[in-house]
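The following note collects points for the colleague who will work with this model. Please read the numbered points alongside the sequence and the coordinates.

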Amino acid sequence: MDQTTNFSYRYSAKENNEIMEIRKKYLPESKMDELMRLDRSVRFSGIAESLCLGVMGFLMFGLGICFCFQLIGDGMLWVLVGSLFSIVGMLGIIFAYPIYRLIFRSTKERYTPRILELVSHISGE
């Protein structure tokens, strides 16, 4: 008699999904994935920079107001220092949005040709 022993093991659905996710990380990037990545980088460009500038400006403005109201420090010198801090803080708050628009516009100009090329390739135009 000829007996052959076969052994087969199948992964569960959860493990199979995990294996496929790991496999996807090492496959070359598809054109659609590249398009989504470029679009995401354009949409979110400049947000971190403008938020940092705005928050730092707001904190400096608040510190300057504390000096002006003499909650911190005492005397006319601290009022002047507080006024300077407040003015610098206001400038940070005021320029946060223009900095965002500037970074966004430059990033959009840099990635527009590649995005349009990918869109025309994917849509078949």
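1. R114 and E117 both belong to helix α4, where three residues, about one turn of the helix, separate them. Helices here are DSSP runs of H or I with at least four residues, numbered from the N terminus. The two side chains form a salt bridge whose closest N and O atoms lie 2.7 Å apart; the term requires a side-chain nitrogen of Lys or Arg within 4 Å of a carboxyl oxygen of Asp or Glu. E117 is partly exposed, with a relative accessible area of 45%, and R114 is likewise partly exposed, at 27%. On this scale, buried means under 20% relative accessible area, exposed means over 50%, and partly exposed lies in between (1.4 Å probe, protein chains only).

2. The model is predicted; local features need pLDDT of at least 70, side-chain atom pairs count only at pLDDT 80 or more, and totals for chains, interfaces and linings use all residues. Residues are numbered from 1 along each chain as its sequence is written, and side-chain values use heavy atoms, with hydrogens and water left out.

3. R114 also meets E34 in a salt bridge, at 2.9 Å from N to O. This pair links distant parts of the chain, since E34 sits in helix α2 (residues 31–43) and R114 in helix α4, 80 residues apart. E34 counts as buried, at 17% relative accessibility. Together, E34, R114 and E117 are linked in a network of salt bridges. Side chains of opposite charge can pair when their charged atoms come close.

4. How many salt bridges does the rule give? The count comes to five. Among them is the pair D39 and R43, at 3.1 Å from N to O. Because D39 and R43 are four residues apart in helix α2, about one helical turn separates them. D39 is partly exposed at 35% relative accessibility, and R43 is partly exposed at 44%.

5. A nonpolar patch on the surface is formed by L53, I87, M90, L91, I94, F95, I99 and L102, with about 710 Å² of accessible area together. Patches are made of residues with over 30% relative accessible area and no salt bridge; like charges are joined within 9 Å, and nonpolar side chains (Val, Leu, Ile, Met, Phe, Trp, Tyr) within 5 Å. Accessible areas come from the Shrake-Rupley method with a 1.4 Å probe, and for residues only the protein chains shown count as cover. Helix α4 (residues 76–123) supplies the largest share of the patch, seven residues. I87 has its place in helix α4 and is partly exposed, with a relative accessible area of 46%.

6. C66 is partly exposed, at 25% relative accessible area, and C68 counts as partly exposed at 24%.

7. As to confidence, the mean pLDDT of the protein is 89, and 94% of its residues reach 70 or more; pLDDT is the predictor's confidence in each residue, from 0 to 100. Where pLDDT is low, the predicted coordinates should not be read in detail.

Definitions and conventions. Helix = DSSP H or I, 4+ residues; strand = E, 2+ residues; numbered from the N terminus.
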